[in-house]
Amino acid sequence: MKHIYKILFSILLSGIASCTDVIEVDVPEGPIRLTIEASIDWEKGTSGNQQTILLSTSTPFFESQNNSAVTGASVQVRNNNSGVVFNFQDQNDGRYTTSSFIPVIGNSYTLEVLYEGEQYTATETMLAVSNISSITQTREDGEDDEALEVNVSFLDPVDIENYYFLRFQSREDLLPELFYIKDEFVDGNEVTFYYEKLEDEEENIKEFEPGDTVDIVLLGISEDYHNYLRLLVEQFEGAGDPFSATPVALVGNCINVDSPENTPYGYFRVSEKVASSFTFE
């Protein structure tokens with residue numbers, strides 16, 4: 001009987017040892033594409049002259065390379081109403097900057113990027129945004145009636161179809177909280193949005209405490225960017241959920257004129273914005 005035990009034990013050991021074999025799987029990789037981060041935001045109360053556009057290339061998921069900045073490109077934005085062209089200077093680190101941009105609400109702007117013999121372009125209209133009417137703190141409007149939350153209110157213009165992008169960034173966190181807003185059911189009314197953090201030890205999330213500061217940005221955006229942002233947020237929030245839809249590469253409004261199949265990533269946005277910060281008491 002002892003011999004039988006020894007044989008069975010040997011079989012179990014060999015089975016466990018076999019589980020440590022390294023299996024190499026070829027992970028399919030998509031083509032390297034240009035990524036355009038072109039958010040032209042005009043903060044109320046400023047000239048809006050200083051603007052920056054970021055260019056980089058996409059990298060494979062398991063690639064350890066951090067620097068994918070694009071240099072040597074030609075970048076300009078044209079005001080389609082006036083014909084004025086704003087050239088963005090290459091800073092040799094992926095940033096392209098200008099100090100002469102002139103924002104005009106209601107005007108149409110076209111981005112043009114020339115990179116490695118191919119032309120990329122996108123067009124958007126600069127849209128206005130409402131002022132923030134109040135920023136307060138409560139413990140009543142969120143999911144947890146004992147947790148602090150910040151409340152942001154603004155008045156939506158009547159009889160105008162508006163879309164908004166509201167961003168909260170706690171100075172304690174690396175990532176912001178994003179809200180995409182359509183005024184379909186709040187047209188002409190004052191609306192309030194709250195942001196709270198629910199404690200989660202596994203995710204190392206702590207509730208807001210007195211002294212914590214949140215940076216707040218409200219932007220007026222187009223319907224197309226609203227839809228793009230909605231998909232982006234849904235995919236981000238559904239990451240790791242086995243019942244969520246399969247993530248797909250998000251395609252923005254930038255197109256490749258010379259090689260349409262080589263579609264770039266990213267989005268060209270021109271928006272008016274209001275920015276503020278709030279510190280909990």
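Seven salt bridges are found in a search of the whole structure, which is a predicted model. One of them joins Glu 112 to Arg 78, with the closest N and O atoms 2.9 Å apart. This pair links distant parts of the chain, since Glu 112 belongs to strand 6 (residues 108-115) and Arg 78 to strand 3 (residues 74-79), 34 residues apart. The protein as a whole contains two helices and 15 strands, and buried residues account for 36% of its 281 residues.

**Salt bridges**

- In the bridge between Glu 112 and Arg 78, the arginine is partly exposed because its relative accessibility is 26%.
- Asp 93 and Arg 95 form another salt bridge, in which the closest N and O atoms are 2.9 Å apart.
- Asp 93 has a relative accessibility of 38% and therefore counts as partly exposed; Arg 95, with a relative accessible area of 35%, is also partly exposed.
- A further salt bridge brings together the side chains of Glu 234 and Arg 230, at 3.8 Å from N to O.
- Glu 234 and Arg 230 lie four residues apart in helix 2 (residues 223-237), so about one helical turn separates them.
- The relative accessible area of Glu 234 is 40%, which makes this residue partly exposed, and Arg 230 is likewise partly exposed at 29%.

**Surface patches**

- Six glutamates, namely Glu 172, Glu 199, Glu 201, Glu 202, Glu 203 and Glu 209, form a negative surface patch.
- Within this patch, Glu 203 is located in the loop between strand 12 (190-196) and strand 13 (213-221).
- Glu 203 counts as exposed because its relative accessibility is 55%, where the threshold is over 50%.
- A nonpolar patch on the surface consists of Leu 174, Leu 175 and Phe 236, which together have about 410 Å² of accessible area.
- Leu 175 of this nonpolar patch sits in the loop between strand 10 (163-170) and strand 11 (177-182).
- With a relative accessible area of 54%, Leu 175 is exposed.
- For the protein overall, the accessible surface comes to about 17,000 Å², and carbon and sulfur atoms hold 50% of that area.

**Positive phi outside glycine**

- Asn 92 is not a glycine, yet its phi is positive, at about 65°.
- The position of Asn 92 is in the loop between strand 4 (85-90) and strand 5 (95-98), and a relative accessibility of 60% places Asn 92 among the exposed residues.
- Glu 116 is a residue other than glycine with a positive phi, near 50°.
- Glu 116 occupies the loop between strand 6 and strand 7 (118-125), where its relative accessible area of 66% makes it exposed.

- Leu 148 lies in the loop between strand 8 (132-138) and strand 9 (149-155).
- A relative accessibility of 3% means that Leu 148 counts as buried, the cut-off being under 20%.
- Leaving out neighbours within four places in sequence, Leu 148 touches Gln 137, Thr 138, Arg 139, Glu 196, Phe 208, Glu 209, Pro 210 and Phe 280.
- One of these contacts, Glu 209, is also a member of the negative surface patch.
- Leu 148 and Lys 197 are 49 residues apart in sequence, and the distance between their C-alpha atoms is 8.0 Å.
- Across the protein, 64% of the contacts between residues at least 6 apart in sequence join residues at least 24 apart.

Definitions and conventions. Residues are numbered from 1 along each chain as its sequence is written. This is a predicted model: local features need pLDDT of at least 70, side-chain atom pairs count only at pLDDT 80 or more; totals for chains, interfaces and linings use all residues. Side-chain values use heavy atoms; hydrogens and water are left out. Patches are made of residues with over 30% relative accessible area and no salt bridge: like charges are joined within 9 Å, nonpolar side chains (Val, Leu, Ile, Met, Phe, Trp, Tyr) within 5 Å. Accessible areas come from the Shrake-Rupley method with a 1.4 Å probe; for residues, only the protein chains shown count as cover. A salt bridge is a side-chain nitrogen of Lys or Arg within 4 Å of a carboxyl oxygen of Asp or Glu. Lys and Arg count as positive and Asp and Glu as negative; His and the chain ends are not counted. The place of a charge is taken as NZ of Lys, CZ of Arg, CG of Asp or CD of Glu. Buried means under 20% relative accessible area, exposed over 50%, partly exposed in between (1.4 Å probe, protein chains only). Contact means heavy atoms within 4.5 Å.
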